[in-house]
Amino acid sequence: MTTLTDLMTHDHRQCDGAFASAEHHVGRGEWDAARTALALFGRALNTHFGAEESILFPRFEQVTGMSHGPTMVMREEHRELRAALARLERAIDDQDADEYAGEAETLLIMMQQHNMKEENILYPMCDQRLHSQREELALDIGRQLGAGSPTEVSQ
Amino acid sequence: MSAGQGPLSYEATPPFHVPLSFFLTAALFGMAAGVYLLIEPEALASRWTPGALALTHLITVGFMLLVMLGALMQVLPVVAGASLPALRPMAASVHALVSTGAAALAWGLATGRPLLMQGGALLLGSGVLVFLGAAALGLRRSAASQSTGRDLRIALIGLAVTAVLGIVLVLALSRGLAVPLRELTNLHVGWGWLGWGGVLLAATSWVVVPMFQITPNYPTWLTRLWAPLVLGGLALWSALSLAGSPATATSSGQVLAALAAAFALATLLLLRRTRRPRPDASFRTLQLAMGSVMAGALCALIAIGSDHPFWPLAAGVLVLHGCFVSAITAMLYKIVPFLAWLHLTQARVKAPNMKKLLPDTPVRRQLILHTLTLPALLIAAASEASLFTRLAGLLLIGEFAWLLFNLAGTAARWHRTMLEGVPSARTPH
């Protein structure tokens, strides 16, 4: 049976792919393609955050009673990541490859340390504490993630 | 996990000066190794000279152990969900014990002074014990139970065995404790390289290579089996060596070398599949580290069947400088600017991006110098001419001084930005 950890981790990797695609186009000075790729990354990222913030986290908070616990920290980091995404968009508007490279490096490491926390700690906790409703939750989340999936991304 | 924010929280992150003090001191030990090579060029005559033992410990304990402990204090909460108890006083005492212990041990080994060796071993042993105790408490309370957490535990077992073997060897050297010196030294090296350093590097790589280089994951069978196989192989090799069964002990040593090479090969193949454009200097350095593991394993295998002093020295240079110093330096160049950025962001100060906190150009140049130092060390080990050894010593000093300068530069930019204190624009909720 697919665990929530597997499902969400797989989506993290999809987002990574979209991120790499945008970085690839910026590196080649293909600004229009970079803008499109970054938009796909942004959509994938926000869809993922949306699924967590509207489905997974509330359910976790309800079952554990931890509304000021790890989910609050993750929401805060989502806000930081959205701000970093906005800085990448600005760098593309300015066609500033150096600025983009620096901001991309920052976003990548911030995103991956965030993902590590979720994949190693929060998602296993969700699998454990939401065991009985895992199937139904996975379906709900899968539907939402499918809608924002960056399927058009290519290099 | 408690009902608080627990280890996911930024609050679980130690203050910047905690890991930074470990990293900067570590670079000083690297410089000390270069200075030592410059003034004692005969140190590289064989792996058994007092100088070679001193140099090895300046790098393994002074540089590697300090960085690894500093980094673990930072990442154990993130990767394994372990929040370390009494973090600040614990970190300060571990830093003081390990750095003074490393200096005393290296000095004792270089000069053959029993009291210095014993004092160094005592300080080091205490530092490692304090850290392992804190890590064990943190990991016991951890909610995470995946393979990275398991492999970190195996690495900590490797550290404990390496430390115990080291203490026994110090007692043998300084008080004449009757033990099979050659076998125990080889075991100490094997547990240090593979059980501690190798497993820690692998446990880190399972996570960071796919995430930061955007590659596919390592094969599941490899991440599941590698560290337990290494642990089992080391235990078997140790038992056979101490039971006086040299032929079978050699076979298990060969299996361990093959395991190390398999990890390096898997990493190299994975790195070829990166989706990131234009691999940066850290990426190249990671490739150098993995190539060095394979070459080092080959030299170690040759050394088993050859009496020539070059092969064990070459294995040591390749594994310690080629692999560990490379991988650690590449990691420091990612972790230090990120921590500077993170602490500025936490302080609600507008943070410059990572490449402004640590620009690419000095990093690339320092890593080129590091790459040139590796063949210089190998030539010095092969030639035994003091001119080459002194040159390698100079390059080593330059490499670590530059590393120190680059890291200190990031710390200075962090400090300056904090003082300027421009509040960050917050995104709406």
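Where is B:P15 found? B:P15 sits in the segment before α1 (17-39) of chain B; helices here are DSSP runs of H or I with at least four residues, numbered from the N terminus.

A quick word on the ground rules. This is a predicted model, in which local features need pLDDT of at least 70 and side-chain atom pairs count only at pLDDT 80 or more, while totals for chains, interfaces and linings use all residues. Residues are numbered from 1 along each chain as its sequence is written, chains are lettered from A in the order in which they are written, and side-chain values use heavy atoms, with hydrogens and water left out.

Back to that proline. B:P15 counts as buried because its relative accessibility is 16%, where buried means under 20% relative accessible area with a 1.4 Å probe, protein chains only. Setting aside neighbours within four places in sequence, B:P15 is in contact with B:R88 and B:H343 (contact means heavy atoms within 4.5 Å). B:H343 is 328 residues away along the chain, yet its C-alpha atom is 7.8 Å from that of B:P15.

The expected span is 1.5 Å times one less than the number of residues.

| Helix | Residues | Number of residues | End-to-end C-alpha distance | Expected span |
|---|---|---|---|---|
| α13(B) | 386-420 | 35 residues | 50 Å | 51 Å |

Just after α13(B), B:G421 takes a positive phi of about 55°. As for α9(B), its buried residues include B:F283, B:L286, B:M290 and B:V293. Among the elements covering the buried residues of α9(B) are α6 (181-212), α8 (246-271), α10 (310-346) and α12 (360-383) of chain B.

What about the partner chain? In all, 38 residues of chain B are in contact with 42 residues of chain A. The area buried between the two chains is about 3,800 Å², with carbon and sulfur atoms giving 65% of that; buried area is the accessible area (1.4 Å probe) that two parts lose on being put together, summed over both.

The rule finds 5 salt bridges across this interface, each being a side-chain nitrogen of Lys or Arg within 4 Å of a carboxyl oxygen of Asp or Glu. One of the salt bridges pairs A:E105 with B:R276, whose closest N and O atoms are 3.3 Å apart. On the side of chain B that touches chain A, the elements giving two or more residues are α2 (50-80), α6, α10 and α11 (354-357).

Definitions and conventions: Buried < 20%, exposed > 50% of the residue type's maximum accessible area, 1.4 Å probe, protein only.
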